[in-house]
Amino acid sequence: MGESLDLSTVDLAALAFFLVAWLLHTLASDGKLISRISLTTAMNAQRQAWMRTMAEREIRIVDTAIMSGLQQGTAFFASSSLIAIGGCFALLGASDRVLEVLSDLPLGGAPSRAAFQIKVFGLVLILAFSFFKFGWAYRLFNYCTILIGAVPIPHGEASRNPVTETAVWRAAQMNMLAGKHFNSGLRGVFFSIGYLGWFVDPMVFVLSTLLLLAVLVRRQFFSAARQAVIGQPPGAGKG
């Protein structure tokens, strides 16, 4: 199969390692592999807290401003993904020049033209995946804005009735779902950086994947950002 794709067995093994690393990191970030709370999981709890707090405000300008910022950030990454895809097609048009540059690198040798094009199309697929994730996240954030508008204005005990609780739950779920797809798109962008190592050499591909994975794992499970979300200030909780 590797020969029919003009890729070596080592190339396919490195690609399989890359995909497995991506899958395992996704599952771990979603809290499905390890018990340690990830930054993503901790932020989902804050999204729920935000929606509950929002339901108690009569004027929700701050909430709509936050949603606008989330949508703008998502739109930026979606546009960037499209630009990167265009760059990949430009790379295909300059295949000969790029292969000359790769042949001058000390590690490995330049791949065949067919293998190079396959790798570029793989990068296009990753960026296209990210674009669709960002596009869907943008739409879900838009839906979340509508659901926030559907939460009844609080009036005493009315802020805790079943109708309001259901509306808050819907807004929170939509917000978390939008965040999940945004994170998936961002993860695709990150892993596309590690994927670039494949253009040099399969072993460089494995090393770049490991380095990227180490950075992402640290950010999700051992970073100062995670500690800021789940931690407490000094002296908190003491009587």
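**Figure 1. Ala49 in helix H2 of the predicted model.** Ala49 is found in helix H2 of a model that is predicted. With a relative accessible area of 23%, Ala49 is partly exposed, because the range for buried residues ends under 20%. Ala49 and Ala172 are separated by 123 residues in sequence, yet their C-alpha atoms are 8.5 Å apart in space.

Figure 2. Ala172 has its place in helix H6. Its relative accessible area is 5%, so Ala172 is buried. Leaving out residues up to four places away in sequence, Ala172 touches Gln48 and Met51. Asn44 is 128 residues from Ala172 in sequence, and the C-alpha atoms of Ala172 and Asn44 are 8.8 Å apart.

**Figure 3. The helices of the whole protein.** The protein contains eight helices and zero strands. Along the sequence, the pattern reads α-α-α-α-α-α-α-α. The protein has 239 residues, of which 38% count as buried. Of the contacts with a separation of 6 or more, 77% are accounted for by residues 24 or more positions apart.

**Figure 4. The largest nonpolar core.** This core has 22 residues, and Phe18 and Tyr195 touch the most other members. Two or more residues each come from helix H1 (9–29), helix H3 (61–93), helix H5 (113–150), helix H6 (162–195) and helix H7 (202–221). H5 gives the most to this core, with seven residues. Phe18 touches Ile126, Phe191, Tyr195, Phe205 and Thr209, when residues up to four places away in sequence are not counted. Another core, of 21 residues, lies apart from the largest one; among its residues are Trp50, Met67, Ala167 and Leu186.

**Figure 5. Leu15 and its partners.** Leu15 is found in helix H1. At 22% relative accessibility, Leu15 counts as partly exposed. Once neighbours within four places in sequence are left aside, Leu15 is in contact with Tyr195, Trp198 and Phe205. The C-alpha atoms of Leu15 and Thr209 are 9.8 Å apart in space, and the two residues are 194 residues apart in sequence.

**Figure 6. Two positions in helix H5: Ser130 and Ile118.** The place of Ser130 is in helix H5, and Ile118 is also placed in helix H5. Ser130 has 0% relative accessibility and therefore counts as buried. Ile118, at 32% relative accessibility, counts as partly exposed. Leaving aside neighbours within four places in sequence, Ser130 is in contact with Ser81, Gly185, Gly188 and Val189. Ile118 and Leu7 are 111 residues apart in sequence, and their C-alpha atoms are 8.7 Å apart in space.

**Figure 7. The largest pocket and its lining.** The largest pocket holds about 440 Å³ of space. It is lined by 19 residues, of which Leu39, Thr40, Asn183, Leu186 and Gln220 are the closest to its centre. Helix H2 (39–55), H3, H6 and H7 are the elements that give two or more residues to this lining. H6 gives the most, with six residues. By class, the lining has eight nonpolar, eight polar and three charged residues.

**Figure 8. Spans annotated as transmembrane.** In UniProt, an unreviewed entry carries the annotation "transmembrane region" for residues 12–28, 75–94, 114–132 and 195–217. In the model, the span 75–94 is 95% helix and 0% strand, and its end C-alpha atoms lie 29 Å apart. For residues 195–217, the end C-alpha atoms lie 17 Å apart, and the span is 74% helix and 0% strand.

Terms used. Residues numbered from 1 in each chain as written. Predicted model: local features only at pLDDT ≥ 70, side-chain atom pairs only at ≥ 80, totals over all residues. Heavy atoms only, no water. Core = buried A, V, L, I, M, F, W, Y, C linked by side-chain atoms within 4.5 Å. Buried < 20%, exposed > 50% of the residue type's maximum accessible area, 1.4 Å probe, protein only. Helix = DSSP H or I, 4+ residues; strand = E, 2+ residues; numbered from the N terminus. Contact = heavy atoms within 4.5 Å. 1 Å grid on protein atoms, 1.4 Å probe; cavity = no way out; pocket = protein on both sides within 12 Å on 5 of 7 lines; lining within 4 Å. Points joined across faces, edges and corners; volume = space filled by probe spheres on them. Nonpolar A, V, L, I, M, F, W, Y, C, P; charged D, E, K, R; others polar. UniProt positions renumbered as here; feature names shortened; annotations may be inferred.
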